[in-house]
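Please consult the sequence and the model shown here while reading.

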Amino acid sequence: MKLLRSIFFSLPPVGLLLLQISCGGGDASGPGKQAANIIAHSSTTLTGSPGTQVTELPSVLVSDASGHPLAGAPVTFTVTGGGGTVTGGSATSDASGIATVGSWTLGTGAGANTLSAVSGSLPPVKFTDCATATHTLGTTVDNQLSLTDCQLSDGSFVDFYTVTIPTSGTYIFNQTSTAFDTYLAFLTAANGVIGINDDFGSNGSSDSRVKVIVPAGSYVIGANSYYPNATGNYSLASAESTEPVSNCEDAFVQKGIGTPQSLQTTDCSTVGFYSDEYVIFLSAGQAITVGMTSSVLDSYLEIRPNGSSSVLVSNDNVNANTKDAQVAFTAPTAGFYIIAAASTVAGTTGDYTLTIQ
C-alpha cells in the first residue's frame, strides 16, 4: 500500500505572502510598477458536484519585479474546459495584490473543469475542479478512466464520486479492472484522507479494496490507477458489512465511531495474543481518545506508527474497577497510525466494543 499522492491543496507559502505584505512599504502600484509574477492564492485542485458553484473561489496573487504585492493589476478568469461559467471574470487585484473570481459554476457533466487566470502576458495560473459523480451505496457502477478525466500530480487519471453513508458502521468499496492496476482512495467531504489501497488479495491482484468504519455523513471516493497515464474500463462497487474485522485485514477508521467487534483465532497473532488492527490517518497535532470495553475479556490497547513496531501509547486497565482500556493520543506528525485492540491474556477471544473520539 503506497501513500496517497498529492490530489489536493496547492496553496502558496502563506508566511512568504504575509512577509511581502508587511514589508511592502505602501502602495506597490505606483508609477512604473508592472505585474511581474502571478501565482495561485487558493487551492488549484478542487472537487464539487456538476452544475454547482465551487465553494472556494479561485484567487491569485499578483506581484511586481521586487516581489511586492501589486494593487490594481487586471486579471482575467476564463473557463478553459468542462463547459462551466464564471461571473466577475474581469477582476482587479486589491491592495494585497489578490484578485478573485466572482463565481465559478461547473459544467453539468462529471470530469475535469478548468479555469485560467491571466494578467497581461504572464503565464496563466490553472485551476482544476474535478466534478464528482454520485455513487449510490450498495450498487456497482461501470466507468472508465480517460484522457479527459482529472489528472493528478503523478500523471494518473482519477474519477471522483460522492457517497452518502446513512448510519455509522462498516462499509466496503471495491475497484476492479482488467485494463489497468487500480488504486482506490476514500476521503472525507473536505478531501481529508481516510483510507487507501492499491492491491487487494493474493497473487499480485490489480484490484483495490477499502474497508472503512466511519460515522454517517458525506464522503468522496477516488477511483484511480497506480501508474500514470493509464486508461480503460473499471467497476466500482460498495456494500455495508456486519462482519467483524478479521484475517488481520486493514480496516480504516475515523473519529466519532463506536463499533462492536470480536477477537477471533483468525485475527492478527503475536506470540499467542490475538488482535484487531485499525488504521487511522491523523494530521500533526490531532488528538484522539480510543476506548475498548468488554464483559468477557481483559482489554488492551496500543497505538503504533504505520509500518513500525514501536509502541507510542498503551493501556491495560482504564481504572481499578474495570478491565476496560482507554488511550489518549496526539499525533506528532501527519500520517497513518495503527490502533491495536487485544487482550492481556494469550489465546483469549470474545466480543468487545471499540470507540474513537
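Strand 16 and strand 19 (residues 217–225) run antiparallel and are joined by 7 bridges. Two strands are said to pair if DSSP finds at least two bridges between them, and strands are DSSP runs (E, at least two residues), numbered from the N terminus. The model is predicted: local features need pLDDT of at least 70 and side-chain atom pairs count only at pLDDT 80 or more, whereas totals for chains, interfaces and linings use all residues. Residues are numbered from 1 along each chain as its sequence is written, and side-chain values use heavy atoms, leaving out hydrogens and water.

**Strand 16 and its partners**

Strand 16 (residues 182–188) is mostly covered, with 7 of its 7 residues buried; buried means under 20% relative accessible area, exposed over 50%, and partly exposed in between (1.4 Å probe, protein chains only). Strand 16 also pairs with strand 17 (residues 193–197), in the antiparallel sense and over 4 bridges. The hairpin of strand 16 and strand 17 has 4 residues between the strands, and there N191 takes a positive phi near 70 degrees.

| Residue | Bridge partner | Strand of the partner |
|---|---|---|
| Y183 | N224 | strand 19 |
| A185 | I196 | strand 17 |

An open sheet of mixed pairing is formed by 5 strands in the order 2-10-9-4-6. Strand 2 (45–48) and strand 6 (90–92) each have a single partner strand and stand at the edges, so one side of each lacks a neighbour in the sheet. Strand 2 and strand 10 (residues 125–131) run parallel and are joined by 4 bridges.

**Two residues**

A110 lies in the loop between strand 8 (103–105) and strand 9 (111–118). Its relative accessibility is 53%, so A110 counts as exposed. Leaving aside residues up to four places away in sequence, A110 touches P50, A131, T132 and A133, where contact means heavy atoms within 4.5 Å.

S343 is found in strand 29 (residues 335–343). At 4% relative accessibility, S343 counts as buried. The side chain of S343 has a polar atom 3.2 Å from the backbone oxygen of D298, and this side chain also reaches the backbone nitrogen of V345 at 3.2 Å. A polar contact is a pair of N or O atoms within 3.5 Å; within protein, one must be able to donate a hydrogen and the other to accept it, and residues adjacent in sequence count only if both atoms are side-chain atoms.
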